[in-house]
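User: I'd like to learn how to read a model like this one. Can you walk me through it, feature by feature?

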Amino acid sequence: FPSPRDEGPPKEIQDIRDYSKDGEYWEALTRVIPERTLKLWDALGAALSEYHKVLTRRSELFSEAIALQRQNS
């Protein structure tokens, strides 16, 4: 009487996966977002980084101005 272990894996698992198109699939995924959009996002990221620097410096100057006002009063 054969046990289920002797029969091997179920038929669904026995089917061999075809990996021949995997490279094409992954290469196509690199072009999902258009190059123009990526460049726009890079430019926006750089601009936001600069804006963050400006806001940080402004905050420092504001804190310094508050300290000077306290000293003057």
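User: Let's start with the protein chain: what percentage of its 73 residues count as buried?

Analyst: Keep in mind that this is a predicted model. A residue counts as buried under 20% relative accessible area. Here that applies to 0% of the 73 residues in the protein chain. The accessible surface of the chain is about 7500 Å², and carbon and sulfur atoms account for 59% of that.

User: Okay, and which elements does the protein chain have, from the N terminus on?

Analyst: The order is α-α-α, with three helices and zero strands.

User: How many aromatic pairs does the structure hold, and how do I read one?

Analyst: In general, you describe a pair of aromatic rings by the distance of the centres and the angle of the planes. This structure holds one such pair. The ring centres of Tyr25 and Trp26 are 5.0 Å apart and the planes sit at 80°, so you'd call it edge-to-face.

User: Is Trp26 buried or exposed?

Analyst: Exposed, because its relative accessibility is 54% and the cut-off is over 50%.

User: Which residues make the nonpolar surface patch?

Analyst: Tyr25 and Trp26 show up again here, together with Leu29, Val32, Ile33, Leu38, Leu40, Trp41 and Leu44, and the patch covers about 910 Å². Two elements give two or more residues to it: α2 (22-29) and α3 (35-72).

User: Which element gives the most to the nonpolar patch?

Analyst: That's α3, with four residues. Take Leu40, which lies in helix α3: its relative accessibility is 49%, so Leu40 counts as partly exposed.

Terms used:
Residues numbered from 1 in each chain as written. Predicted model: local features only at pLDDT ≥ 70, side-chain atom pairs only at ≥ 80, totals over all residues. Heavy atoms only, no water. Buried < 20%, exposed > 50% of the residue type's maximum accessible area, 1.4 Å probe, protein only. Areas by Shrake-Rupley, 256 points an atom, 1.4 Å probe, with all protein chains shown as cover. Phe/Tyr/Trp six-rings, centres within 6.5 Å; stacked < 30°, edge-to-face > 60°. Patch = residues over 30% accessible without salt bridge, like charges linked within 9 Å, V, L, I, M, F, W, Y side chains within 5 Å. Salt bridge = Lys/Arg side-chain N within 4 Å of Asp/Glu carboxyl O.
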